[in-house]
Amino acid sequence: MDIQSDGRDDLAYRRELVDKYRPFVEKLTTYTSWLESKKGNAVSSTYTGDGIAEHSISFPVYDSTLLALIKLLQSTPLIDRNYVYVYSRNRIKTKEDELNLIHRSELKDTANIGAVMSRYVLEGMRRGSMWTEGVTSGIFLEAINQLKKNIEYWDVPIR
């Protein structure tokens with residue numbers, strides 16, 4: 001059995017991670033059917049009210065489910081403002097790199113999945129198209145599915 005640097009055995013460490021992330025992952029999985037239906041489709045539109053183009057700048061209007069997902073993600077420990085370090089350490093440059101990082105992540109690598117989601121959530125606060133891109137490209141869907149898979153695999157009953 002592997003021993004963690006602070007003296008805990010591997011099973012106890014994994015159980016702690018499962019207990020930490022399970023409630024958030026359960027909430028996030030309620031969005032998977034919506035994310036599957038929206039993959040490749042628009043989840044925002046531009047407001048075009050009466051004469052707005054003549055007197056003002058246009059602004060995006062988001063799907064309410066997308067906004068609820070973003071709000072939920074912001075409340076989880078998955079979101080990390082230092083996500084750029086994970087990108088740098090893993091040499092992430094493209095969407096394919098992001099998806100590969102997500103797919104090869106295990107339970108102990110949950111922070112890597114969180115870093116990818118953090119990029120889309122936090123950059124979306126400045127540039128709203130990132131939220132839409134996270135849905136249409138399938139990044140959010142793949143990240144949530146991998147989190148669920150990791151939690152289900154390691155969530156073993158105590159013997």
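At what angle do helix α6 and helix α9 pack, and how far apart are their axes? In this predicted model, in which local features need pLDDT of at least 70, side-chain atom pairs count only at pLDDT 80 or more, and totals for chains, interfaces and linings use all residues, helix α6 (residues 95-103) and helix α9 (residues 139-154) pack at an angle of about 15 degrees with their axes 9 Å apart. Residues are numbered from 1 along each chain as its sequence is written, and side-chain values use heavy atoms, with hydrogens and water left out.

The protein contains nine helices and two strands, where helices (H or I, at least four residues) and strands (E, at least two) are DSSP runs numbered from the N terminus. Along the sequence these elements follow the pattern α-α-β-α-β-α-α-α-α-α-α. Of the 159 residues in the protein, 39% are buried, the term buried being used for under 20% relative accessible area, exposed for over 50% and partly exposed for values in between (1.4 Å probe, protein chains only). Among the contacts with a separation of 6 or more, 68% come from residues 24 or more positions apart, a contact being defined by heavy atoms within 4.5 Å.

Two packed helices are described by the angle between their axes and the distance between the axes. Here axes are lines fitted to C-alpha atoms, for helices over the stretch in contact, and angles run from 0 to 180 degrees between N-to-C directions. On this basis α6 and α9 are roughly parallel to each other, angles under 35 degrees being counted as roughly parallel, those over 145 as roughly antiparallel, those from 65 to 115 as roughly perpendicular and the rest as oblique.

The crossing of α6 with α7 is left-handed.

Helix α9 also holds Asn145, which is partly exposed at 30% relative accessibility and whose C-alpha lies 9.5 Å from that of Ile102, 43 residues away in sequence. Asn145 is one of the residues in contact with Thr32, together with Leu141 and Ile144, when neighbours of Thr32 within four places in sequence are left aside. Thr32 belongs to helix α2 (residues 32-38) and is buried, with a relative accessible area of 17%.

In the loop between α5 (83-89) and α6 lies Arg91, which is exposed at 66% relative accessibility. Most residues other than glycine have a negative phi. Arg91, although not a glycine, has a positive phi of about 55 degrees.

Definitions and conventions
A crossing is left-handed if the near helix is turned anticlockwise from the far one by less than a right angle, and right-handed if clockwise.
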